[in-house]
Amino acid sequence: MTSVPNPFHLSDEEIARRKAKHYARYAQDRADEARFFKDVADHKMYILKDDGVYRHVRFKQPDSMNMHFDLITYPGGMLYTGDMGTFVFWRLEDMFEFFRSSGDKDWMEEVGVTLYTNHSYWSEKLIASNCSGRFEGKSTEFNAERFKEVIVEDYLRRWIRNSRESETLTKDERRELWEAVHDEIIEQCDDYGENIQTKAYEFNWSPSRGYGEKAPSFHFDDLFEHNFQQYTHSFRWACLAIAWGILQYDAWKDEQAKISPVNEKPFAYIPKWVPSRLEKHNHVTGHITKNVGAKAEDYMPIYLKDVTK
C-alpha cells in the first residue's frame, strides 16, 4: 500500500490524533445516515415519469405516505418535496448528474458514511424552499449551543484569565463579570433565539468601583465574524434522500438496460402488491420484467392509477 505523504513530518501519534478528531467531527453525519436508513427501510421506488431529464420519481412505503419524498427534474433544475419539506435546486441541465458528480469516496471512507452529501455546496444551488405550513423552509437555523460555546470559550474565559493575570479585576469583580454574562446572555439565549446576537452586541460591562476614565470595559468585539448557523434536520435528511434516491434510480436504469434493451422507454417500477398481466415480478431484485408484446401506453395507466391513490 502506498504511504500517505507527510510533508509536515508529523509523528504517528499526531497523525492518529488528527484522524480521530476529523472522524469525530462527522459524528452527526453518521447519526443522520443511520436514522435515514431506518426511515426508508420499507420504501419502494415508483417511476411516475421518465423522459430524458423530465423525471418524477416517488419513494414511499407501499401502504403509507410517512417519510415519503419525490424527486422531480426538468432542464436545469430539480425539486425535492416530501415529509421533510420542499427544496428547489438549480445548476446543471440534468440535476441528477450534478448530485452524482459531487461524490467523494475517499471522504466517505474517512468519515464512515456510505452516502455522499455536501450541505454547503448543495445549499449554494438552492433557489427556493417552502415557506409555510409544517416547516419553516430553511436550509439553516440558529445554533444556540455553538453561540453559547463561543461566548464562554472565546470571550468570557479569556476575559477572566487575562484580568486575573493582569490584576485588572478583583476576585469579586471577576465573579460579577461571569454572572453578568451568564444572566444577560447565556440564560436568555433560549428565549431570544437568533436575536440573542443583537443583545450580545449591546452587552457592555464595567466594574462598579470607580476607575475614572481608565475603567475596564468588556464587550463582545468581532462577534459577527463567527458563524452560528447550522443545517436543519429537514435539509440534511433531504440531502440524504437525494443521494439515496438517485442511487436507487440508477440501479433501476441499469437493470432495465439489461432486461429490456430494445424498448424505447423502460417500464415503470411496480411493487408486488399491484397485479398486472403485463409484468413478471422478480422477487429477488424487486424489478419488473416486461412480457413480450406489452407496450408502455398499455402499461402506464394501470400503474399510475394504483400508485397515486
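Is R55 buried or exposed, and what is its relative accessible area? Here are some friendly notes on that and a few other spots.

1. **Ground rules.** This is a predicted model, in which local features need pLDDT of at least 70 and side-chain atom pairs count only at pLDDT 80 or more, while totals for chains, interfaces and linings use all residues. Residues are numbered from 1 along each chain as its sequence is written, and side-chain values use heavy atoms, with hydrogens and water left out.

2. **R55.** To take up the opening question, R55 is buried, at a relative accessible area of 5%. The scale runs as follows: buried is under 20% relative accessible area, exposed is over 50%, and partly exposed is in between, using a 1.4 Å probe and protein chains only. R55 sits in strand 2, residues 54-61. Helices (H or I, at least four residues) and strands (E, at least two) are DSSP runs numbered from the N terminus.

3. **Partners of R55.** The side chain of R55 makes a polar contact of 2.9 Å with that of D94. A polar contact here is a pair of N or O atoms within 3.5 Å; within protein, one must be able to donate a hydrogen and the other to accept it, and residues adjacent in sequence count only if both atoms are side-chain atoms. Beyond its neighbours within four places in sequence, R55 is in contact with K49, D50, L71, I72, T73, D94, F96 and Y249, where contact means heavy atoms within 4.5 Å.

4. **The chain as a whole.** The protein chain has 11 helices and 10 strands. Of its 309 residues, 42% count as buried. If you take the contacts between residues at least 6 apart in sequence, 57% of them join residues at least 24 apart.

5. **D32 with R236.** The structure holds 12 salt bridges, each defined as a side-chain nitrogen of Lys or Arg within 4 Å of a carboxyl oxygen of Asp or Glu. One of them joins the side chains of D32 and R236, at 2.5 Å from N to O. This pair links distant parts of the chain, with D32 in helix 2 and R236 in helix 10, 204 residues apart. Both D32 and R236 are buried.

6. **D50 with K253.** D50, a contact of R55, forms a salt bridge with K253, and their closest N and O atoms are 3.0 Å apart. D50 belongs to strand 1 (residues 44-51) and K253 to helix 10, so the pair ties together parts 203 residues apart in sequence. D50 counts as buried because its relative accessibility is 16%, whereas K253, at 31%, counts as partly exposed.

7. **E97 with R100.** The side chains of E97 and R100 also meet in a salt bridge, at 3.2 Å from N to O. Both residues lie in helix 3 (residues 95-101), 3 residues apart, which is about one turn of the helix. E97 is partly exposed at 39% relative accessibility, and R100 is partly exposed at 32%. A network of salt bridges links E97, R100 and D250.

8. **Cavities.** On a 1 Å grid over the protein atoms alone, a cavity is a set of points where a 1.4 Å probe fits but cannot get out, a pocket is an open set with protein on both sides within 12 Å along at least five of seven lines, and lining residues have an atom within 4 Å of a point. Grid points are joined across faces, edges and corners, and a volume is the space filled by probe spheres set on the points. The count is 2 cavities of 30 Å³ or more. The largest has a volume of about 60 Å³, and its lining includes D32, W107, H119, R236 and L240. Helix 2 gives the most to that lining, with 3 residues.

9. **The second largest cavity.** About 40 Å³ of space lies in this one, which is lined by D32, H233, R236, W237 and L240. Helix 10 supplies the largest share, 4 residues.

10. **The largest pocket.** This pocket has a volume of about 660 Å³. Its lining has 18 residues, of which R25, Y26, D29, H119 and Y231 lie nearest its centre. Helix 1 (12-25), helix 2 and strand 8 (229-231) each supply at least two lining residues. By class, the lining has 6 nonpolar, 8 polar and 4 charged residues. Here Ala, Val, Leu, Ile, Met, Phe, Trp, Tyr, Cys and Pro count as nonpolar, Asp, Glu, Lys and Arg as charged, and the others, Gly among them, as polar.
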